[in-house]
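Hello,

Here is the structure I promised to pass on to you. Please have a look at it first, and then read on for what I found in it.

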Amino acid sequence: MSETITISPVTRIEGHAKITIHLNDKGEVQDARFHVNEFRGFEKFCEGRMVWEMPGLTSRICGICPASHLVTSAKAGDDILAIGIPETAEKLRRMLTLAQWIQSHALSFFHLSSPDFLLGFEADPALRNIFGLLAHDKDFAVRGIRLRKFGQQVIEMLGGRRIHTPWAVAGGVREAFTREERDALLAWYPEVRETALLAIKTIKRVHEQYSKEIPSFGNFQSLFMGMVGPNGELEYYGGNLRVMDSAGNIIANNIDPREYRQDFGEASESWSYLKFPYYKPLGYPKGIYRVGPLARLNICDSITTPLAEQERRLFKKLAPSSEAVNNSFYFHYARLIEMLFAVEKLEELLHDPAIFGTQVRSKAEINRLEGIGACEAPRGTLFHHYWVDENGVLQKVNMLIATAQNNMAMNRTVRQIAMQFIDGPKVSEGILNRIEAGIRCFDPCLSCSTHAAGEMPLEVQLLGADGRVLDVKRR
Amino acid sequence: MAVKTLTINGEQYSAQEGESVLSVCRQNKIPIPTLCHLEGLSTVGACRLCLVQIEGIPKLLPACTTKVEEGMVITTSNQKLDKYRRMIVALLASEGNHVCAVCVANNHCELQDLAYEVGLVRVRYPYLFPKKSLDATHKEYVMDHNRCVLCTRCVRVCDEVEGAHVWDVAGRGIDCEIVTGLDYSWGSSQTCTECGKCVMVCPTGALFEKGVTVSEMEKKKDFLKYIITARQKREWVAFTNE
């Protein structure tokens, strides 16, 4: 008899979801799905608001990466005002974005994923969490918590508070940065750098420890997409888009993020509130692509900071030269390399005298009726697309969220792990946790990604006994 | 002018004839919450937050419109009055679309301050989530009806101080709304002088300057006392906090 195994809720991710695994008559895995069962409606209720309010409004989507939404929304606002922002404002926004990477990546690794690696996938679920980790290796856990705190501290110093700061605005930022604040942050640096390196050392040990399991942890071919800088370097704030195939070939380059709609479409499925973005030239579902740390490390030609660049070269060796790094497990390693990059880059910016400028906000009226902002959020490329009337009132909103862009890849990962580890109807807790861990590779943030519009596209098919489509109704 | 003596919360006070109960309380630092009232504008008694209990009168009366009388015995705060005030603020909250966290007037909002003052910890009435509009047609300012509490301060300041009477009230009951002229868009108003007085006296984020973001709309009301003093006493003195 066919059977469905449900994991609900999926734990240690940001948001609410469930996974269903469908078995056939023989008890073999036929399919597995990652369902996102929360619904937000941001795109709809932002309609009718002023464009200047959008950074503060959209940053409320999520408590983990509000800074990414804030900056992306402010950039969409810059586009609508059709103005350049002061140099200091851009550098400060860059610092905010890097701080966001540090705190979010530290959270993903130390708080959410490392309990699996250090305590074991089969460990008691009651202990397999940050508290269990504290009991197991207090120094490691505390260091992780403090690294995240450092990222939060930078955000607080820039924006006045750790979560949901409204500090970045269309035209720049609201307040300047001071030398005293800079000095306080630099004082943290020896510890911050050490912890970022410790995380990398730890993940390398995990690679050795789980060398047998890793090859089937979401190892499949897909495209990769992200931003790169003008020289192909790893970029996080503003750059052009690059698409790479699983063999490591660059198939599209230098795409202005403002043109994202030409290359990326969004499909919907009836069983999830999360949309399914795809690369248009290959169509849906063939145009599956991944974003986020794994994608960014794959597509970039270099990293501009020394320690992270050294690690990037080692990362590249994880796959033969004829391939990109296709295994989703290496999201963790890529994420930690990015965290190291963010630590190094932020230090570089803290020594830049331009960050102390006091001209931080350009003002203008509505000069365009459509604006797009894009930035590399911790989980991948984030787009905010606004349409306004001549008074600056939002008429339509589209947000393309990193986690949504990984949706197809997450489903494939779940299916692959389920097929690898489940044999027959009896499933151990450890195996279920491995499936969840597959999802955690992507560090999904579901509160952001299910911001979608009010009406779900609906298609009802009337099927005859022979499977023929007799009638189709669409809403 | 005759002096009246009265009792407020068990204490004896004296007041000028014709003075309001609210005025006596304010002078003697007896707290009474208000919303529609603003020193320098006429009194309308619309919000009912300043209701007080007066011995011998079966109903509650608003302190702002009630004149002092000899021998009056007034209670400004008790369980019943406090409960009614909380109910009024809760009804205001449930009737509009007030989302403090993302509002331009967050931390500078009199409705928010009132909620703290009356101890409103939860709203037990169902939120109506009315579909209200936002008028951004003016070059400098925006009117967001979602956050309007119909205190009519904007109507009064425009009429009584600026003399333009751009604003008025239209509709009845739940459909009641502040309108520009004969319900035109604000941007098309030929009487608006763009002075911004209405924006500054508005207690919430309903009227704000274009381009402000979350928490940035600070309302500076000091100008009102300066203008009124200059007009009435021909004295051009800067306003200082008393």
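How many helices and strands does the secondary structure of chain A come to? The count is 16 helices and 16 strands. Before going further, please keep in mind that this is a predicted model, and that the values below are computed from it.

**The two chains**

Let me begin with chain A. It has 475 residues, and buried residues make up 51% of them. Among the contacts in chain A with a separation of 6 or more, 71% are between residues 24 or more positions apart.

Chain B has 242 residues, of which 35% count as buried. Its secondary structure comes to six helices and 10 strands. For contacts in chain B with a separation of 6 or more, residues 24 or more positions apart account for 62%. Along the principal axes, the C-alpha atoms of chain B fill a box of roughly 55 × 50 × 30 Å.

Where the chains meet, 12 residues of chain B are in contact with 14 residues of chain A. On the side of chain B that touches chain A, the residues divide into eight nonpolar, four polar and no charged.

**The domains of chain B**

Chain B is divided into domain 1 (3-77) and domain 2 (83-233). Taken over C-alpha atoms, the centres of domain 1 and domain 2 of chain B are separated by 25 Å. Their contact takes 14 residues from domain 1 of chain B and 19 residues from domain 2 of chain B. On the domain 1 side of this contact, the residues divide into 10 nonpolar, two polar and two charged.

**The nonpolar core**

Which residues touch the most other members of the largest nonpolar core? They are A:I102, A:M339 and B:C154, out of 188 residues in that core. Helix α4 (residues 87-119) of chain A gives the most to this core, with 13 residues. From chain B, the core draws at least three residues from each of domain 1 (3-77) and domain 2 (83-233).

Leaving aside residues up to four places away in sequence, A:M339 touches A:W101, A:I102, A:H105, A:A106, A:A196 and A:A199.

**A four-stranded sheet in chain A**

In chain A, four strands form an open sheet in the order β8-β7-β6-β11, and the pairing is mixed. Why do β8 and β11 of chain A each have one side without a neighbour in the sheet? β8 (250-255) and β11 (289-290) of chain A stand at the edges with a single partner strand each, so one side of each is left without a neighbour.

You can walk through this sheet strand by strand:

- β7(A) and β8(A) run antiparallel and are joined by three bridges; A:V243 has A:A252 in β8(A) as its bridge partner.
- These two strands, β7(A) and β8(A), form a hairpin with five residues between them, and A:G248 in the turn has a positive phi of about 90 degrees.
- β6(A) and β7(A) pair in the antiparallel sense over five bridges; the bridge partner of A:F224 in β7(A) is A:M244.
- Strand β6 (residues 223-228) of chain A pairs with β11(A) in the parallel sense over two bridges, and A:L223 stands opposite A:Y289 in β11(A).

Strand β7 (residues 240-244) of chain A is mostly covered, as four of its five residues are buried.

**A five-stranded sheet in chain B**

Chain B has an open sheet of five strands with mixed pairing, in the order β2-β1-β5-β3-β4. β2 (11-16) and β4 (61-62) of chain B stand at its edges, each with a single partner strand, so one side of each lacks a neighbour in the sheet. Strand β3 (residues 51-54) of chain B runs antiparallel to β4(B), with two bridges joining them. B:V52 stands opposite B:L61 in β4(B).

**One more residue**

Finally, A:H35 lies in strand β3 (residues 29-36) of chain A. Is A:H35 buried or partly exposed? A:H35 has 18 other C-beta atoms within 10 Å, and a residue needs 20 or more to be buried, so A:H35 is partly exposed. A:H35 and A:D263 are 228 residues apart in sequence and 25 Å apart in space, C-alpha to C-alpha.

Best wishes

Key. Residues are numbered from 1 along each chain as its sequence is written. Chains are lettered from A and ligands numbered from 1 in the order in which they are written. This is a predicted model: local features need pLDDT of at least 70, side-chain atom pairs count only at pLDDT 80 or more; totals for chains, interfaces and linings use all residues. A nonpolar core is a set of buried Ala, Val, Leu, Ile, Met, Phe, Trp, Tyr and Cys residues joined through C-beta atoms within 7 Å. A residue is buried if 20 or more other C-beta atoms lie within 10 Å of its own, exposed if 12 or fewer, and partly exposed in between; C-beta atoms are placed from the backbone. Domain bounds come from an automatic or database domain assignment. Two residues are in contact if their C-beta atoms, placed from the backbone, lie within 7 Å. Ala, Val, Leu, Ile, Met, Phe, Trp, Tyr, Cys and Pro count as nonpolar, Asp, Glu, Lys and Arg as charged, and the others, Gly among them, as polar. Two strands pair if DSSP finds at least two bridges between them.
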